[in-house]
Amino acid sequence: MGDILINFFWIEIKGKNLKYILSKIFKLDINILNIKYYDNRVLLKVSYDDYKKIKTIKTTYEINIIKTSGKKKFYDDFLKYKTTIISFIISVFFVILLSNFVFFIDIETSNNNLKNIIRKELNYNDITLFSIKKSYSSLNNIKTNIRNNHKDNIEWIEIENDGVVTKVRVIERIKRDITSDNEYKDIVAEKDGFIRKIYSNKGQLLKNIDDYVRKGEVIISGNIFRNDEVIDKVHASGKVYAEVWYVVKVNGDIKYQTLEENKGYFKLTLKINSKEFDIFKIRKDVDSTKINKLFNNKFFSLYFENEKVYNKKEASYSDNELKKILEVKAKKSILDTLEKDEYITYQKTLKKTKENGKMYIEVFFKVYEDIAKEENIKEIEDKTIEKED
């Protein structure tokens, strides 16, 4: 450490007949730590005291300092970057100070009544805006007390500090009405379509494969018939796969933007929660975006970053390219609604138009899907056959 704090200078001496000036330097009993010879110039590494001796030589040779080390370099670098260094120190101090206070309280629940209950409990336990953050053990005790005080309203609660935010996650206790599994139900068609397959687990089948059904028609009845008489009622169950039809309309811009590589930045960044503050930023050539973290915790991060920059450039799709992109988009809108055992059987583009820089298409789909839906049983008046005397 002591050697680092000693001042050293690299001295450049220019001129003809360098042996002459070097002989004068050697006569001064100067300790030359390093020496490099070049055409018409020489480089010497000497201490600060020896540099002062060299400066006493009266000569026409050109003598310049080209590099320093030790305390002198530290001092010069500090003067050069003092604004950045002071800003950084103030930022770190500011972050550490802020990280000990609550600036936001986030209660995650859509129930306003429950939110008010939580807010009152937090106030009672001194968790308010601009209050000092509670420790982990204190938060555990507080959440346990809140849950015990409101067992009828709270199923689960978690309280934690996240930077300058105190987050409260809570699950409401739902009182559910118990319904009987023996509730009578029909299986009806949820959509129009041609029936392709039926799996009936319970109930009386009223439709067959290849029958056309309309939305709401009963396929598997919860009424059990014998000779037109209802002899029993059940909770019908089963699956009904049918061929159904969709026409999907989608559109897209004919023009689109591409990214063109440009120069990037080398920067020192301070991140507090989701907000970023650049302490300094230098424009330079960057191959790719890369982050080198100096300090990181849940309150803030400090890191060097090579940030790659791209310029936006406009281009246009051909008609065929955009048509294919929109067809994929239309197909995805159907697939996103289907279960694993459901699939598209047929697809055809019906219509394609262009207007105001956009392309519009309509795509027809045939889909194999389960259209079974449970509904309360349709009551049917019992019919009895009168016996002749």
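1. Two strands pair if DSSP finds at least two bridges between them, and the strands themselves (E, at least two residues) are DSSP runs, numbered from the N terminus. With that in hand, look at strand 9 (residues 193–202): 2 bridges join it to strand 11, and the two run antiparallel.

2. A quick word on what you're looking at. This is a predicted model, where local features need pLDDT of at least 70 and side-chain atom pairs count only at pLDDT 80 or more, while totals for chains, interfaces and linings use all residues. Residues are numbered from 1 along each chain as its sequence is written, and side-chain values use heavy atoms, with hydrogens and water left out.

3. Is strand 8 (residues 185–189) buried or exposed? Buried (under 20% relative accessible area, 1.4 Å probe, protein chains only; exposed is over 50%, partly exposed in between): 5 of its 5 residues are, so the strand is largely enclosed by the rest of the structure. Lys185, Ile187 and Ala189 point one way, Asp186 and Val188 the other.

4. Strand 8 pairs antiparallel with strand 22 (residues 372–376) over 5 bridges, and Ala189 has Ala372 as its bridge partner there.

Notes:
Helices (H or I, at least four residues) and strands (E, at least two) are DSSP runs, numbered from the N terminus.
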